[in-house]
Amino acid sequence: MTRSNPIRTAVAALAAGTLMSTAACGLGGSGAGDAKEAERTGKVAGGITFRTLQLKPTFTGYVQAVIDAFEKKYPEVKVNWEDVPGDGYNEKLVADAQAGALPDVVNLSTDSFQLLGDRGLLADVAKLDGDTAGQYVPGAWEQFKLPGKGDSVYAYPWYVTPEILTYNRELFERSGLDPAVPPTSVEQFFDYAEQIAARSGGQYSAFMADPKGRLPGDWQKMGVPLLSPAKDRFTFDTDKAVEWVERMKDLYAKGAMPKESLLKSDDINQLYGGGKLVFGPGSPGFVKDIKRNAPQVYAKTQVAGAVTGRLGHIGIYAQSLGIRKDTEHPDAAAEFAKWVTNGPNQVEFSRRATIYPSNAQGLADPFFSDRGDGKDAETLARAVGADQLKSAALDANTPVQWTNQVGDAVVREVQKAIKGEQDARTAVKKAEEAANRLLADAARP
Amino acid sequence: MTADSGLPHRTWWTPYLFLAPGLAMVLLFSLWPFVNTVILSFTDARILRGGGFVGLDNYRRAFADPDFWVATGNSVLYLLVVVPCLVLLPLALAVLVQARIPGIGFFRSAFYTPVIASAVVVGLIWQWVLRSDGLVNTVFRRLHLVSEPVPFLTDSTMLLVSAMIVTVWKGLGYYMVFYLAALGNVPASLHEAAAIDGAGPVRRFFSITVPQVKPMMLLVGTFSAISALRVFTEIYILGGESGGPGGGARTLPFLIRQVGLGFSGETGYASAVSILLFLLTLVFSLLGRRLTKGDET
């Protein structure tokens, strides 16, 4: 009898284990989003909740000062600020939306904005506050329209982080390239990478393969039409897209990219900071990180405008503040969101973090055009980023149809081709088929 | 003093009262989500959108989905390789460190260390060991064993093998402790009697130790089967979120996460794949039961 105990325990544990593993997947599937739209009353009063994404403790002082000033201006408003860590932020948003417990004013990223907006959980701020549109840089306000929902805008644009180009000047020269002539098209970027691979002797690589980070941006910059004019199916199966895959495969084989970067890109800072990578990440925030963590490489870091290819401009990716559709205090919520995103408050925020205002008046502040002596990478990055933002346009953005799942499906096929497990043409064809299948699934009522 | 002044009378509901908290937890956090998953698997629910009943569509889709078959194949392969290793190697290790000799405590602790290390740290260490410019490849190249780095992390099959190595390495110490407990219960007199009869250490291992710890081997087999079918972390940390190039190293839990989470997550389909994983586990559990039948009596 005693001998049989472990066996019985084993069977019971197996049953419990499988039950738990399956149960963990049981996500609530109830519908959401039929809330009644709040209407303005003209009275700015009441208690509102404001949720931000990981701003404590670094920016506690700044955010609290903005809140205090607002409460001083509108004494009948009480703002309850809650800050949520980055990990699980979106999951918490989904859970709150399902429970009908969204905050009144909430910081949204591009994908969370699309989900909540699409499900009818956000207030139409163009209706709440139409006159505000002109305050933001072109494209920023339009970014928060949704396909098929007319001129409605579902969030206030907040801060922006533009794309730039960063590279190691010394490695550039060692590869026989002129640091004063950075690449401007994807094709030229690949040519440079090929030359770097040929001259590096395996000591360093040109750039991170990371297809998920490069697509669909590279294709857009090469003039590949991602979607049909009606935007109801993907059309990227073109010679240009195939050419991109072939070049990537060739460069990967020649050692232009670290082998593991085909799958993971999380060690880019370490590689660039260690002088083993020529092109760094394309964000101004990165330049600041390198200055702190790898001062020697920072001194060799050169900044230029992003590769924009045939588009000639970058996209615009603004963080935003959404208003809960059925908020009890729409006046207070709208005024507060407008307050947080106004020129002076955004400029002040940008002085403390490596971000840019989506507010036109804010972006015109001399702080963003100062190039210093033209040698300090951080100052230069700020000026280059701000300059590019002035002409940023939505056609360079990842279209809403290119969801995370579509990106994953495309990347899986492309990875196989880069590894040489299938030819480039088949990869692009299969990627388009998979993407269209997902698009059709998503469109089902 | 009367009897009434002691403990209050036991009423019919007293046992249920004691059971209630535990029962409520099980109902709420295990049973209900399970039932919910079964229901969802027959719908086309998505995140934040309640789905309609679609019958067996999700199951049909899974059977026609090449990704599902790749993931199922990988999960089963994982189980078939990892379970025998985790049943036999920790036993061998336990026999080695069972001896009461000075300093053996150090080895016992050393073998147990991977168990308490966090999965992320373990993943990072192995990544550093296995990457194309990592420790193993550098040694191989210095010794002129290979001309090109071995693609431990960038080839689907090699990635799966690497993840298996990590799982086995991490499980060795854990199951070794199980076996140490079982070995402690083997009467020394049996070994003595066998030794007097002329049995050597190998013979004693197979004729005394193995039969005596067999129930524990079955328990370890079951535990390791559960973890093998649920493997996710090792592949995710070593091979990134795509699950190897082209997703070729994805296991079933990996696939479930990929299709079910995120803002475009298909809850209904992910639930159906979860139920299929449950059925697969059930099949292996029934097989295990069949194997153990003889020992239960």
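This briefing covers selected helices, loops and residues of chains A and B.

The model is predicted; local features need pLDDT of at least 70, side-chain atom pairs count only at pLDDT 80 or more, and totals for chains, interfaces and linings use all residues. Residues are numbered from 1 along each chain as its sequence is written, chains are lettered from A and ligands numbered from 1 in the order in which they are written, and side-chain values use heavy atoms, with hydrogens and water left out. Helices (H or I, at least four residues) and strands (E, at least two) are DSSP runs, numbered from the N terminus.

**Helix pairs**

- In chain A, the axes of helix 3 (residues 89-98) and helix 4 (residues 110-118) come within 11 Å and cross at roughly 15°. Axes are lines fitted to C-alpha atoms, for helices over the stretch in contact, and angles run from 0 to 180 degrees between N-to-C directions.
- These two helices of chain A are therefore roughly parallel to each other. Angles under 35 degrees count as roughly parallel, over 145 as roughly antiparallel, 65 to 115 as roughly perpendicular and the rest as oblique.
- Helix 3 and helix 4 of chain A make a right-handed crossing. A crossing is right-handed if the near helix is turned clockwise from the far one by less than a right angle, and left-handed if anticlockwise.
- From helix 3 of chain A, A:Asn90, A:Leu93, A:Val94 and A:Ala97 meet A:Asp111, A:Ser112, A:Leu115 and A:Leu116 of helix 4. Contact means heavy atoms within 4.5 Å.
- In chain B, helix 3 and helix 7 pack at about 40°, with their axes 6 Å apart. The two are therefore oblique to each other. Their crossing is right-handed.

**Helix 3 of chain B**

- Helix 3 of chain B (residues 66-98) has 33 residues and should span 48 Å at 1.5 Å a residue; its end C-alpha atoms are 47 Å apart, which agrees. The expected span is 1.5 Å times one less than the number of residues.
- At the start of this helix, a side-chain oxygen of B:Asp65 reaches to within 3.0 Å of the backbone nitrogen of B:Asp67.

**Loops and backbone**

- A cis peptide bond joins A:Lys56 and A:Pro57, with omega about -5°. A:Pro57 sits in the loop between strand 1 (46-53) and helix 2 (60-73) of chain A.
- Another peptide bond, from A:Leu215 to A:Pro216, is cis with omega near 5°. A:Pro216 is in the loop between helix 8 (211-214) and helix 9 (217-221) of chain A.
- A:Asp210 is not glycine, yet its phi is positive, near 20°. It lies in the loop between helix 7 (186-200) and helix 8 of chain A.
- B:His144 also has a positive phi, near 60°. Its loop runs between helix 6 (135-142) and helix 7 (156-184) of chain B.
- B:His144 counts as exposed, at 70% relative accessibility. Exposed means over 50% relative accessible area, buried under 20%, and partly exposed in between (1.4 Å probe, protein chains only).

**Two buried residues**

- A:Lys221 is found in helix 9 of chain A. It is buried, at 12% relative accessible area.
- A polar atom of the A:Lys221 side chain lies 3.1 Å from the backbone oxygen of A:Val307.
- Beyond four places in sequence, A:Lys221 touches residues including A:Glu163, A:Val186 and A:Arg310.
- B:Thr209 belongs to helix 9 (residues 201-229) of chain B. It counts as buried, at 7% relative accessibility.
- Not counting residues up to four places away in sequence, B:Thr209 touches B:Leu183, B:His191 and B:Arg204.

Note on methods: A polar contact is a pair of N or O atoms within 3.5 Å; within protein, one must be able to donate a hydrogen and the other to accept it, and residues adjacent in sequence count only if both atoms are side-chain atoms.
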